[in-house]
Amino acid sequence: MLWACLRLPDFSLQLRLRGAESSGSVVVTTAGNRPQVLSCNSQARSHGIRPGMAASAAIALAPDLVEHVRNPAAEEPALRSIAAWAGQFTSVVCLVPPDAVLLEIAGSLRLFGGLRLLLLQIDAGLIELGYTAALAVAPTPTGACLLARAGTGVRITDPAQLPAALAPLPLVLLDQPEETVRTLSVIGVHTIGECLALPRDGLARRFGQQLLDELDRALGRLPDAREPYLHPARYASKLALPAPVQEAEPLLFVAKRLLLELAGFLRMKQKGVTRLKLTLHHEDRKPTVVMLGFAVPCRDADRMVRLLRERLANVELPDRVEAIAIDSEETRPLGSRNLSLFPEDRLPEEQRWLIIDHLRARLGADAVHGIISHPDHRPEQAWRACEPGTGREGYCSSVRRPLWLLEAPRRLHSSAGEPLLDGPLTLEAGPERIEGGWWDEGDVTRDYFIATDAAGRRFWIYRERGEAAWFLQGVFA
Amino acid sequence: MSTSLSLVLQHPAIWRGDQYAKVAVESVPTGFAELDAQLPGGGWPRAALTELLTNQQGIGELRLLAPALAHLSGEEKWLVLVAPPYLPYAPGFESLGMNLSRLVIVRTRSSGESLWAAERCLRSGTCAAVIAWPGPGSERSLRRLQLAAEEGKSLGVIFGPTRNAANASPAPLRIQLSAARGKLEVQILKRRGGGWAPPLALESSSVLRPALRYRRIRHGLA
């Protein structure tokens with residue numbers, strides 16, 4: 001077994017910062033009457049702001065400081081989203097609240113080309129999602145977590161090296177009561193190595209079995225069972241923006257972060273999304289809902305972003321947006337073909353549909369269609385609009401049919417029984433009797449003619465049986 | 001001497017007054033031998049914009065493109081009709097031997113949308129041909145379409161009224177169509193390599209070629 005721990009230091013701050021491309025000084029504070037700074041970004045740090053300071057003191061140092069109160073309720077779903085995204089790398093993902101995720105990666109090394117490449121991919125992926133993570137690898141989950149908390153970025157694959165790697169870590173990193181850690185530091189024990197040097201029975205008597213157990217789990221002496229994270233059937237995630245925006249580009253930036261998470265989730269599920277719901281939350285108004293449809297299941301975040309850009313260009317936002325939520329409403333199975341070496345090495349089928357999706361995103365789904373002929377003799381019933389790509393191979397029929405049909409037959413003037421259209425029409429061929437529709441009360445009995453006018457234009461006209469009126473129905477373009 | 005001279009004259013960089021320069025352009029045969037002979041590359045230029053200017057609908061202007069379209073429908077890519085003036089009639093297109101599963105119709109609400117859709121399709125690289133009836137558009141919008149056609153290696157055809165002939169256009173091929181005495185008259189206004197091209201009169205029977213003959217067929221109960 002080999003475990004990788006992805007820990008997100010200052011998770012609450014990172015959650016705030018990933019929603020915008022750049023920001024000024026930002027701090028996350030505790031709630032309550034006298035808020036304290038929990039974490040601060042580098043800009044705030046450069047003003048001398050440090051965690052633990054009173055928020056009022058921080059504002060005195062940086063007047064343009066943006067304060068966010070920590071929202072623990074948003075952290076857990078965000079951590080779950082990371083776990084869902086990480087499912088593309090391994091089948092075993094465990095949550096380590098509040099700010100870390102464990103991946104069992106022994107089985108994934110081969111697929112991803114070795115430990116170094118796998119970690120590079122995970123790291124690059126997290127950066128795209130807008131996170132900065134401390135990654136550590138160890139043969140035990142507890143060991144990996146401890147190393148990640150220390151932020152050392154150590155990669156231990158050999159269990160024999162684990163004790164030496166854990167020994168210098170401070171005891172505060174353990175999941176032990178503060179009391180235990182303080183007492184140990186009073187007797188001069190500050191690191192895990194020093195603690196392990198103490199007699200075991202005395203340690204157990206003084207601090208209880210749980211301290212020993214945690215150390216033993218870290219070293220692999222005790223089994224370390226972790227509950228695997230169960231991936232939800234569909235992906236839903238929400239991200240609050242650090243400051244409300246109305247412009248498309250910042251919105252797309254945030255949406256892309258979520259869509260990348262979705263893409264990771266879809267890769268894990270071996271699926272592609274066919275219907276995606278994007279909800280833009282406003283402060284006081286009803287949220288704006290944008291639906292994206294894909295003709296072919298899609299798991300390419302760039303493609304989703306391009307489509308979304310098209311859609312947002314047409315959507316009128318009533319107000320500024322303060323949070324974005326994404327929900328994969330409908331997904332369909334898809335092979336793992338997107339993971340190809342070269343991005344352009346994609347199946348043409350998927351690429352072919354890209355343009356259809358694009359056109360539909362802007363013009364509406366009905367505005368883009370194919371045509372198919374329908375077995376009916378009545379011309380207006382002899383064709384149907386259909387999904388592009390579903391039409392048939394043509395056959396060369398000997399019957400002359402026009403390329404253009406009028407939406408509805410147009411009544412022509414006539415003189416002495418001869419049809420007129422900007423002048424007299426000459427009947428070139430006909431009549432062709434077309435009868436049908438008695439079964440659906442659209443009964444017609446018509447004699448069709450091909451007619452030309454003086455200018456050389458050719459039309460398809462008809463006359464109802466036994467009536468004098470002429471109608472224009474088609475154009476031989 | 002004369003053989004070496006004729007060899008020299010075959011060089012593509014040499015232009016003789018009565019010829020258009022031979023330009024190596026990838027093209028799709030139009031299906032009409034007289035027309036192919038007048039077009040550089042011997043057909044509709046692929047990866048470029050072609051303007052077809054006519055004031056009349058129903059003279060066979062679309063059937064002029066039919067053999068090329070039927071040929072292109074054998075490829076995997078789409079054939080797109082942007083903002084056609086009437087309903088494209090499936091049996092009509094089928095009778096031209098076209099594979100309807102390649103045909104995409106895009107309906108738009110404005111000239112701007114039509115130009116946008118045409119540009120998108122041309123640029124996508126997944127449309128073999130894009131035929132558009134965009135209505136009024138500026139030279140700049142045509143230039144965008146020409147660039148998009150080059151980029152997407154797509155055969156772009158724009159239908160417009162004859163009066164557009166007076167405007168400058170970035171399209172490398174411009175053709176004016178009219179009907180004369182039952183024939184489709186094809187006048188090349190501009191082509192790559194330059195040179196004046198004599199007007200062609202294509203027999204309407206050859207324009208209507210795919211529908212070889214008219215046969216009286218009784219349908220239904222009659």
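# A guided tour of chains A and B

Begin by selecting A:Trp404, which stands opposite B:Pro88 in strand S5 of chain B. The model is predicted, so local features are given only at pLDDT of at least 70 and side-chain atom pairs only at pLDDT 80 or more, while totals for chains, interfaces and linings use all residues. Residues are numbered from 1 along each chain as its sequence is written, and chains are lettered from A and ligands numbered from 1 in the order in which they are written.

**The strands at the first stop.** Select strand S14 of chain A, residues 404-415. S14(A) and S5(B) pair in the antiparallel sense over two bridges; two strands pair if DSSP finds at least two bridges between them. Strands (E, at least two residues) and helices (H or I, at least four) are DSSP runs, numbered from the N terminus. Strands of a sheet pair through backbone hydrogen bonds, either parallel or antiparallel.

**The side of chain B that touches chain A.** Next, select the residues of chain B in contact with chain A: 56 residues of chain B meet 54 of chain A. Two residues are in contact if their C-beta atoms, placed from the backbone, lie within 7 Å. Elements that each supply at least two residues to this side of chain B include helix H4 (90-95) and strand S9 (173-180). Which element gives the largest share of this side? The answer is H4(B), with six residues.

**The largest nonpolar core.** Now select B:Val80, B:Val82, B:Val106, B:Ala129 and B:Val130, which have the most contacts inside the largest nonpolar core, a set of 86 residues. Such a core consists of buried Ala, Val, Leu, Ile, Met, Phe, Trp, Tyr and Cys residues joined through C-beta atoms within 7 Å; a residue is buried if 20 or more other C-beta atoms lie within 10 Å of its own, with C-beta atoms placed from the backbone. Domain 2 (236-361) and domain 3 (401-475) of chain A both give residues to this core, so it lies between them; the domain bounds come from an automatic or database domain assignment. Centre the view on B:Val106: leaving aside neighbours within four places in sequence, its contacts include A:Leu359, A:Leu363 and B:Ala117.

**A sheet in chain A.** Finally, select the open sheet of three strands in chain A, with the order S3-S2-S4 and mixed pairing. S3 (37-40) and S4 (66-69) stand at the edges, each with a single partner strand, so one side of each is left without a neighbour in the sheet. S2(A), residues 26-29, and S3(A) pair in the antiparallel sense over three bridges. There, A:Thr29 has A:Val37 in S3(A) as its bridge partner.

Note on methods
A residue is buried if 20 or more other C-beta atoms lie within 10 Å of its own, exposed if 12 or fewer, and partly exposed in between; C-beta atoms are placed from the backbone.
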